[in-house]
Amino acid sequence: MDLTFYGHSCFSVEIEGKKILFDPFISGNEFAKDIDINKIEADYILISHGHEDHILDVEAIAKNTGAKLVSNYEIINWFSAKGIENGHPMNHGGKWQFDFGVVRYVNAVHTSSMPDGSYGGNPGGFVIESKEGNFYFSGDTALTFDMKLIPLTCGRIDFCVFPIGDNFTMGFEDAVTAAEFVNCERVVGVHYDTFGYIEIDKEKAKHEFERNGKDLILPKIGETISL
Ligand code: NI
Ligand code: MN
């Protein structure tokens, strides 16, 4: 499966010819200034929670592409009120078969207000099961025992996408434990270095994963990797 990183927690994957974009925050990220949001293709936009550093470019990309939004009920309603009607609401513990695979909305320990201060439901993550592989994007979250349910309910996880920047989410040490909880060796690290509170020592983070028999993958912004 190809994964393209767009900076912060934004990435896309291509599964069965469908492009699935996660948590688009590009135009507000100075490190992603070479990415043109008008060139991003998407059939789906999956949104983990309502914070601006996860939804800033949803409206523009949804209007450009006609992509279907998938998120919690409150966030889908919030975008619907802005005229983006192509949405699929979910809530925690639920799964749905889309044309590229099964999506589950799973627990995250975080908060989820919208940029205008309105209620953004509870934050979540996604587990994607597809013919091309399974992966878990935790969204912004603390390390939580709930992660242990994921391999029990969803089976083998081929790779995870975890925040590693600390302060607002788990840091890389807890992300190693999270990978242990879901029995997964490969982690794509996101949500680090974008702004002051989440700057990390990347070499130290990689070493911590290696020391525990795991691989921390840190793609460059704009880079596409095969997983
Ligand atoms: Ni957040
Ligand atoms: Mn965030």
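**Close-up 1. Asp166 sits in the loop that joins strand E11 to helix H5 (172-181).** Helices (H or I, at least four residues) and strands (E, at least two) are DSSP runs, numbered from the N terminus. This is a predicted model, in which local features need pLDDT of at least 70, side-chain atom pairs count only at pLDDT 80 or more, and totals for chains, interfaces and linings use all residues. Residues are numbered from 1 along each chain as its sequence is written, and side-chain values use heavy atoms, with hydrogens and water left out. Most residues other than glycine have a negative phi. Asp166, however, has a positive phi near 65°. Its relative accessibility of 39% makes Asp166 partly exposed, a class that lies between buried (under 20% relative accessible area) and exposed (over 50%), with a 1.4 Å probe and protein chains only.

**Close-up 2. Strands E11 (residues 159-163) and E12 run side by side in the parallel sense.** Four bridges link the pair; DSSP must find at least two bridges between two strands for them to pair. Look for Pro163, which stands opposite Val190 in E12. Four of the five residues of E12 are buried, so the rest of the structure largely encloses this strand.

**Close-up 3. The loop between E12 and H6 holds Asp193.** Here is another residue to check for its backbone angle: Asp193 is not a glycine, yet its phi is positive, at about 70°. Asp193 counts as buried, with 19% relative accessibility.

**Close-up 4. Asp201 lies in the loop between strand E12 (186-190) and helix H6 (202-211).** With a relative accessible area of 43%, Asp201 is partly exposed.

Methods: Chains lettered and ligands numbered in written order.
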